[in-house]
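Dear colleague,

I am passing on the structure we spoke about, with the sequence alongside it. My notes on what was found follow directly below, and I would be glad if you read them with the structure open.

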Amino acid sequence: MRQVTSTFFAFALITSVATAAWAEDLVFQDPAGDDFGPGSYTYPTDAVYAKGSFDLTGVELVDRGSTVQIKITVGAKISDPWNSKSWPEPGNGFSLQMVQVYIDTTKGAGHTETLPGINARFAKADAWDKVVFISPQAAARVKREVKSKAGDLKGSVVIPRKVRVRGRTIVATVKKRALGGAPATSWGVQVIMQSNEGYPKGKDLLSRRVNEIAGAHRFGGGHDYDCDPHVLDVLVAPAQGGDAEKAAQKAALSYSCGPSGKATKTATLPMVRLKPSP
Ligand SMILES: [Ca+2]
Ligand SMILES: [Ca+2]
């Protein structure tokens with residue numbers, strides 16, 4: 001019996017060491033100056049949209065035991081010009097940004113469509129299993145919006161337990177269980193930089209539109225129909241922030257619109273993997 005017990009403990013020890021070695025923090029970088037979507041997008045004209053606010057520069061997924069911290073860093077101090085704490089459902093201390101973190105945890109499973117309002121997709125080999133929705137809006141409001149606009153995906157949408165701001169970084173805390181496990185280098189990750197829209201149009205999920213001409217609260221340089229990706233900045237491989245990643249982003253987000261305003265080519269987002277999956 002003693003031998004069985006000690007064998008069991010030896011096994012448990014090996015297993016926990018192996019798990020600890022496997023659980024790695026994931027760190028991605030993105031170049032500055034590519035907050036232009038497919039290359040042509042411009043910020044809304046209202047002065048609150050400060051330069052660099054939608055320019056993703058870094059993403060980290062950090063293992064904190066029972067939770068995972070997701071840190072999103074941009075090229076400007078995170079501000080709260082619309083005083084989110086005073087909203088009817090008090091917000092998270094910032095106003096402008098909204099970020100969707102798509103994660104491919106399980107090879108061969110998952111969704112290829114993005115959340116409503118984004119107008120982009122993933123290839124089948126890059127299908128995602130979870131998306132973390134990081135917004136200044138109260139969790140209860142996000143939950144309602146997801147239920148009414150993306151009901152078929154709601155089991156795959158993770159709403160953080162806590163979202164806060166530190167300088168140029170938004171820090172979202174999610175339950176590790178909700179992601180299906182600890183961050184692993186075999187995961188594919190893609191991060192969409194968008195803008196929080198408290199009065200979304202149609203089926204848009206709290207996202208801001210990109211039009212042909214920028215408006216006070218509309219991005220410009222895109223298309224007035226839904227054939228253009230409503231995405232300001234994304235990650236591309238190798239996610240080390242090199243200049244070549246700007247060109248790779250333009251290629252990934254390229255799209256075309258038919259005469260009726262329907263996409264003849266939909267922007268296809270790559271999953272970024274730190275280590276190729278086996
Ligand atoms: Ca960037
Ligand atoms: Ca980028």
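A residue is called buried here if 20 or more other C-beta atoms lie within 10 Å of its own, exposed if 12 or fewer do, and partly exposed in between. Please keep in mind throughout that this is a predicted model.

By that cut-off Leu206 is buried, because 24 other C-beta atoms lie within 10 Å. Leu206 is found in the loop between strand 10 and helix 4 (244-252), and its phi is near 55°, a positive value in a residue other than glycine. Ala239 lies in the loop between strand 10 and helix 4 as well, also has a phi near 55°, and counts as buried with 22 C-beta neighbours inside 10 Å. Pro238, too, is placed in that loop, and the peptide bond that joins Ala237 and Pro238 is cis, with omega at about 0°. As background, most residues other than glycine have a negative phi, and most peptide bonds are trans.

Turning to the sheets, 5 strands form an open sheet in the order 1-2-3-9-8, and the pairing in it is antiparallel. Its edge strands are strand 1 (26-29) and strand 8 (162-166), each of which pairs on one side only, while the twist averages 15° from one strand to the next. Within this sheet, strand 3 (residues 67-74) and strand 9 (residues 169-175) pair in the antiparallel sense over 7 bridges, and Lys71 stands opposite Val171 in strand 9.

Another open sheet of 5 strands has the order 7-6-4-10-14, this time with mixed pairing. Strand 7 (157-158) and strand 14 (272-273) stand at its edges with a single partner strand each, so one side of each is left without a neighbour in the sheet. Strand 4 and strand 10 (residues 188-195) pair in the antiparallel sense over 8 bridges, and Met98 stands opposite Gln194 in strand 10.

Which residues have the most contacts inside the largest nonpolar core? They are Val101, Ile134 and Val191, in a core that has 64 residues, and the largest share of this core, 5 residues, comes from strand 4 (residues 97-104). Ile134, leaving aside residues up to four places away in sequence, touches Ile70, Ile72, Met98, Val99, Val101, Pro160, Val163, Ile170 and Ala172.

Ser79, in the loop between strand 3 and strand 4, counts as partly exposed, because it has 16 C-beta neighbours inside 10 Å. Not counting residues up to four places away in sequence, Ser79 touches Ala50, Phe94, Ser95 and Leu96, whereas the C-alpha atoms of Ser79 and Phe36, 43 residues apart along the chain, are separated by 20 Å.

With best regards

Methods. Residues are numbered from 1 along each chain as its sequence is written. Chains are lettered from A and ligands numbered from 1 in the order in which they are written. This is a predicted model: local features need pLDDT of at least 70, side-chain atom pairs count only at pLDDT 80 or more; totals for chains, interfaces and linings use all residues. Two strands pair if DSSP finds at least two bridges between them. Helices (H or I, at least four residues) and strands (E, at least two) are DSSP runs, numbered from the N terminus. Axes are lines fitted to C-alpha atoms, for helices over the stretch in contact, and angles run from 0 to 180 degrees between N-to-C directions. A nonpolar core is a set of buried Ala, Val, Leu, Ile, Met, Phe, Trp, Tyr and Cys residues joined through C-beta atoms within 7 Å. Two residues are in contact if their C-beta atoms, placed from the backbone, lie within 7 Å.
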